[in-house]
Amino acid sequence: MNTKVLVAPSPHIHSGDSIQKNMYGVVFAMLPALLLSFYYFGLGSIIVTLTAVASCYFFEFLIQKYLLKVEPTIKDGSALITGILLAFNMPANLPIWIIIIGALVAIGIGKLTFGGLGNNVFNPALVGRVFLLISFPVQMTSWPKALGFQTSYLDAETGATPLAIIKEGLNKGDSLTDLMAQLPSNMDMFLGNMGGSLGEVAGAALVLGLLYMLVKKIITWHIPVSIIGTVVVFSGILNMASPEAYAGPAFHILTGGLLLGAIFMATDYVTSPMSNKGMLIYGIGIGILSVVIRVFGAYPEGVSFAILIMNAFVPLINVYVKPKRFGEKRK
Amino acid sequence: MLKTFSIGGIHPEENKLSAQSAIQELPIPKIATIPIAQHIGAPAKAIVKKGDEVKVGQVIAQSSGFVSANIHSSVSGTVFKVDDVMDATGFRRTSIIIKVDGDEWLEHIDRSEDLVTEITQTKEEIIKRVGDAGIVGLGGATFPAHVKLSVPPGKTAEVLVINAVECEPYLTSDHRVMLEKADEIMVGIEILMKALEVKKAIIGIENNKPDAIAHMTQVATKYSGIEVCPLKTQYPQGGEKQLISATMKREVPSGALPIEVGAVVQNVGTAFAVYEAIQKNKPLFERVATITGKSLKNPSNWKFRVGTPVSDIIEAAGGLPEDTAKIVGGGPMMGKALVSVDVPLTKGSSGLLLLAEEETARKATKACIRCGKCVSVCPMGLEPYLLMVLADKKEYERLENDAVMDCIECGSCSFTCPATRPLLDYIRLGKGKVGQIMRARK
């Protein structure tokens, strides 16, 4: 008999789950939205996506290998996610050099300065996005219209997003009813037939991705549902209190980056809380802040800022919000 | 919706390869090596010496305290020596080594198959006899059974919960015993109910054993107060606290025993052993174990005598497969890796699992991606990622505050971790140290 045997403590088997599997699972879940963005925005969308992904890989490899002198971790799939998410947050006609700067900020500052995957406090793609939004406000808010596959890139026809139409209109004193009439129908907005960043227009495709991630147990329902639920409740209350001043829940859910943020950005493992209870608090926080910024703030869109602000609270939530312990007395 | 416990849990591949294999009897070994510590608590004291003749069923080591258990000879023959030999844990411990000579049993043991249903003994007599017969929990934890039957003053047992979930993947010994010895188990449960003075017993069985659920439910109709509770297949449902949560919807408080919520849990195999001890005068010196593994020729279930070398059961199942890299005593989640096939099977041996390297190899540890999966699978509501970090940093005070001592070491966290971090390894180290600190404080 063979007498050489392994001796190690239990458990002796493993689920086979891995970081890669989860990361590529998220990428797979993003495919419907990605493909739909190619359909709506055409060549520009492909260029923006490829540039963002390639730059994220490039900077991750370069910085890890030559600056930090550690083994590059590009194979784990997280740079790919950051690249796609970054592209999802950009207009389809963004100049290539701005995209590259965004990738450098996302990977270099958002991720690697904190120590790489697992240690960053803020979602890297959002760090890149918000940096660009502040630095290049004009380029970042000139959205091509969703016209079906178009071969033009930089000189595509542009138009305002539904959020911008409402924000600017209300600021000018137009009535909400008139403004709402200018918007695409709810169904068009759900299917992505409107202006906006690559990944935020197609609600239907994003929800498909969410369902995939839930079925595959890549994420749990807590964060997306608490964000969306909070926005529905909060914007519903505002709308009921003053229907002429505040748009209703359907508008808030279907426009801008809300679904993208709730499904793919806020659920980022590293920058979201560990316990289910913590996730709910985090999600509710994002929901409230999103509506507050959109309705009362200077920017038409608030999800990115809301997520980044709540990212900062995650370490605190992890320390103070403990999961319900087994056998704990219920109050 | 099928019942299960309240938080966490995982569902590993079941791999119940030996479920269809009827229990066979393993040949008596030529030499039996019987350790004097086959239970949690104080080791028994050897009362035989070299040259003594022993019979099957004879006490050869005496219980040395309240939490301790008698050890009986499983064979007849001559004591060859009493010496320190390596046991399944890899440590050298005192064992009684007997050269086997025939198979002569003590006369008062009833070896017939007749079912004896009438229970003549009183509560006190039952508890004493269970203790004398050296019965321990046969689920794997080997806690002396009479201790759990002795309800402390001021507490009352309401329900006897029978642990028949067999939630560990691969293992099927409880499953087979239920299919083949259901009546004996029911009488054993009645005996336990009498000892505990309870009117109700719940048998929890996971629904990956539909034949056992059907058979036990049907047999239970002949006995009053015993019900079968089918449960959703979910690991670690065999954990005492998890099983009580699943069957009774009560949560045993942190640091407390099941009796706190009126429950006493006994393994289904233990109920069978209790039947044999009370109705047949037969102490615990043999039991059923599963021998299994994907490469093994014949995954099967065997009744063996305590002290039989592990190599015998492997031979009986077709020999050690070429690709065996790890030999696990017990299931893949909580079993212990054996250092050799020469160690003896004991009262706690519920199974033996042969794993190939690709099934059991540990992958390189990666950085924690804070996915929270360890938190959501923890059946005790702990935060394994945090406990690992705190154990690594030797922050014992925080470990204690974060309830590290509640960990039941089920391994769900390590099993699940996508970054293949050895969470439980570190938590065990932390638990050991915090335990020491807590004892020193007392």
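This is a predicted model: local features need pLDDT of at least 70, side-chain atom pairs count only at pLDDT 80 or more; totals for chains, interfaces and linings use all residues.

An unreviewed UniProt entry lists transmembrane regions in chain A at residues 96-114, 121-140, 190-214, 221-240, 246-267, 279-297 and 303-321. Take two of these as examples. Residues 121-140 of chain A are 80% helix and 0% strand, and the end C-alpha atoms lie 24 Å apart.

Now look at helix α3 of chain A, residues 78-88. How many of its residues are buried? The count is 11 of the 11, so the helix is largely enclosed by the rest of the structure. The buried residues run from A:Ser78 and A:Ala79 through to A:Ala87 and A:Phe88, with A:Gly83 among them. What covers them? The cover includes α1 (19-41), α2 (43-67), α4 (96-111), α5 (124-135) and α13 (258-265) of chain A.

Next, a residue with a record attached. The unreviewed UniProt entry lists A:Thr161 as a modified residue, "FMN phosphoryl threonine". Where is A:Thr161 placed? Find the loop between β2 (158-159) and α7 (162-172) of chain A; A:Thr161 is there. Is A:Thr161 buried or exposed? Its relative accessibility is 8%, and the cut-off for buried is under 20%, so A:Thr161 counts as buried. Beyond its neighbours within four places in sequence, A:Thr161 touches A:Trp143, A:Gly195 and A:Gly196.

On to the contact between the chains. Chain A puts in 39 residues and chain B puts in 64 residues. Together they bury about 4,200 Å², and carbon and sulfur atoms give 58% of that area. There are 6 salt bridges between chain A and chain B. One of them joins the side chains of A:Lys322 and B:Asp402, at 3.0 Å from N to O.

Now chain B. Start with strand β10, residues 200-206. Here 6 of the 7 residues are buried, so β10 of chain B is largely enclosed by the rest of the structure. Which strands pair with it? One is β9 (residues 159-163) of chain B, parallel, over 5 bridges. In that pair, B:Val161 stands opposite B:Ile202. Another is β11 (residues 226-231) of chain B, also parallel, over 6 bridges. There, B:Ile205 stands opposite B:Pro230.

Last stop: an open sheet in chain B. As a reminder, strands of a sheet pair through backbone hydrogen bonds, either parallel or antiparallel. This sheet has 6 strands, in the order β1-β14-β13-β17-β15-β16, and its pairing is mixed. B:Ile327 has B:Leu354 in β17 as its bridge partner. Helix α3 (residues 173-180) of chain B packs on this sheet, touching β13 (286-292) and β14 (300-305) of chain B. The direction of that helix makes about 125° with that of β13 in chain B.

That's the tour. Over to you for questions.

Notes:
Residues are numbered from 1 along each chain as its sequence is written. Chains are lettered from A and ligands numbered from 1 in the order in which they are written. Side-chain values use heavy atoms; hydrogens and water are left out. Two strands pair if DSSP finds at least two bridges between them. Helices (H or I, at least four residues) and strands (E, at least two) are DSSP runs, numbered from the N terminus. Contact means heavy atoms within 4.5 Å. Axes are lines fitted to C-alpha atoms, for helices over the stretch in contact, and angles run from 0 to 180 degrees between N-to-C directions. UniProt positions are given in the numbering used here, feature names are shortened, and annotations may be inferred rather than shown by experiment. Buried means under 20% relative accessible area, exposed over 50%, partly exposed in between (1.4 Å probe, protein chains only). Buried area is the accessible area (1.4 Å probe) that two parts lose on being put together, summed over both. A salt bridge is a side-chain nitrogen of Lys or Arg within 4 Å of a carboxyl oxygen of Asp or Glu.
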